[in-house]
Amino acid sequence: MTSPSKLYGQNSFGEVWGYAYAPQVSTRLKARLLRDAKGLRLVTEAGEELHAGAPSSRERISGGPCLMQFDDKWTFDTDDIDGVELLLGPADDGWISDLEHWHPRLFAFVALCLVGAVIIWKWGLDLLVAGAIALTPTVFVTSLDSGNLAAMDRILTDPTELSQADQTMVRNIFQKVTDHAPHAPYGEYRLEFRKADAMGPNAFALPGGTVVVTDALIKDFNDPDIIAGIIGHELAHVSERHSLQQLYRSLSAFMLISLMAGDVGPVLEDVLLEGSAIASLAYSREHEAEADVIGVKTSHAAGYDASALATFFETLSADYGEGGPEWMSTHPSHADRVETIKSLSAEQ
Ligand SMILES: [Zn+2]
């Protein structure tokens with residue numbers, strides 16, 4: 001077998017011309033690196049020996065000259081790359097060629113970091129929220145329901161004044177709709193009646209599955225199809241964990257991480273259980289649209305006219321305009337919702 005050094009004639013006599021630089025001085029001397037009977041030496045044009053022995057380092061500037069450093073600080077550079085290889089053998093990979101080898105890997109690494117940064121920037125909160133939801137125990141979610149309902153009862157709502165007949169009628173609809181609703185993630189769906197004049201004809205769902213309907217809703221819209229449509233919509237907010245998502249989105253990353261660590265501090269506990277945080281949350285446009293789609297399917301499956309929800313929105317727009325909690329929220333616009341619900345109902 002022929003080794004590369006033999007191929008390149010590492011120990012053969014020869015010379016390369018270039019320039020030598022004195023230590024600490026910028027003047028350059030025309031010089032040659034030569035190998036003769038005395039060995040490898042750096043010699044000036046006039047024959048004066050500057051250094052005896054091999055260079056201590058040797059670097060190839062990419063596409064440029066070969067740079068050599070000698071122990072006593074003499075520097076020598078030459079463009080005769082082939083000559084250097086003949087004289088000294090093939091170059092070991094210096095740090096510059098190392099860098100060239102690394103370049104694709106370095107590029108991939110930087111690209112990966114950028115992708116990671118974009119993911120964290122764009123989906124970091126989503127990921128944290130999803131993680132927190134996955135790690136939230138059922139008992140915590142049901143205590144969110146009772147804590148928030150108690151807080152609302154103190155500041156926002158009064159006991160219902162609906163007749164027993166009305167309550168029974170709504171409970172029967174609720175039962176039929178829940179029978180056809182997606183699985184309740186945190187135990188049974190529960191129905192609560194409240195008089196809440198500030199909220200108008202309204203309904204809202206707490207994360208654990210408690211659906212609250214206001215007296216005004218039942219009085220103003222005493223129509224089983226509409227009530228079924230509204231309940232179906234609210235149950236979808238529960239099954240898809242919309243209010244838990246909105247609630248967690250309103251918390252800081254620090255609070256979410258504490259929550260995931262199972263360490264619900266006193267401040268967080270106050271925010272979640274004592275405040276009326278959930279009542280003041282607005283769902284996103286996507287959540288409302290999703291709840292409309294699922295709600296229409298659920299109420300239809302339960303035997304109700306799913307297009308009634310469209311009638312409800314049309315009446316709301318005429319009587320209350322757009323704006324206000326849940327039903328009167330500005331997103332998506334009532335006109336859009338009415339169109340979507342009508343076409344969804346037609347498909348059922
Ligand atoms: Zn909604």
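1. In H5, the residues Met169, Val170, Ile173, Phe174, Val177 and Thr178 meet Pro224, Ile227, Ala228, Ile231, Gly232 and Leu235 of H7, where contact means heavy atoms within 4.5 Å. The model is a predicted one, in which local features need pLDDT of at least 70 and side-chain atom pairs count only at pLDDT 80 or more, while totals for chains, interfaces and linings use all residues. Residues are numbered from 1 along each chain as its sequence is written, and side-chain values use heavy atoms, with hydrogens and water left out.

2. The axes of H5 and H7 come within 9 Å and cross at roughly 50 degrees. The two helices are therefore oblique to each other, a class that takes the angles left over once those under 35 degrees (roughly parallel), over 145 (roughly antiparallel) and 65 to 115 (roughly perpendicular) are set aside.

3. Val177, Ile231 and Leu235 are among the residues that touch the most other members of the largest nonpolar core, which has 38 residues; such a core is a set of buried Ala, Val, Leu, Ile, Met, Phe, Trp, Tyr and Cys residues joined through side-chain atoms within 4.5 Å. H7 gives the most to this core, with seven residues. Not counting residues up to four places away in sequence, Ile231 touches Val170, Ile173, Phe174 and Val177.

4. Asp145 lies in helix H4, which spans residues 138–155, and at 3% relative accessibility it counts as buried (under 20% relative accessible area, with a 1.4 Å probe and protein chains only). A polar atom of the Asp145 side chain lies 2.7 Å from the backbone nitrogen of Gly208.

Technical notes: Helices (H or I, at least four residues) and strands (E, at least two) are DSSP runs, numbered from the N terminus. Buried means under 20% relative accessible area, exposed over 50%, partly exposed in between (1.4 Å probe, protein chains only). A polar contact is a pair of N or O atoms within 3.5 Å; within protein, one must be able to donate a hydrogen and the other to accept it, and residues adjacent in sequence count only if both atoms are side-chain atoms. Axes are lines fitted to C-alpha atoms, for helices over the stretch in contact, and angles run from 0 to 180 degrees between N-to-C directions.
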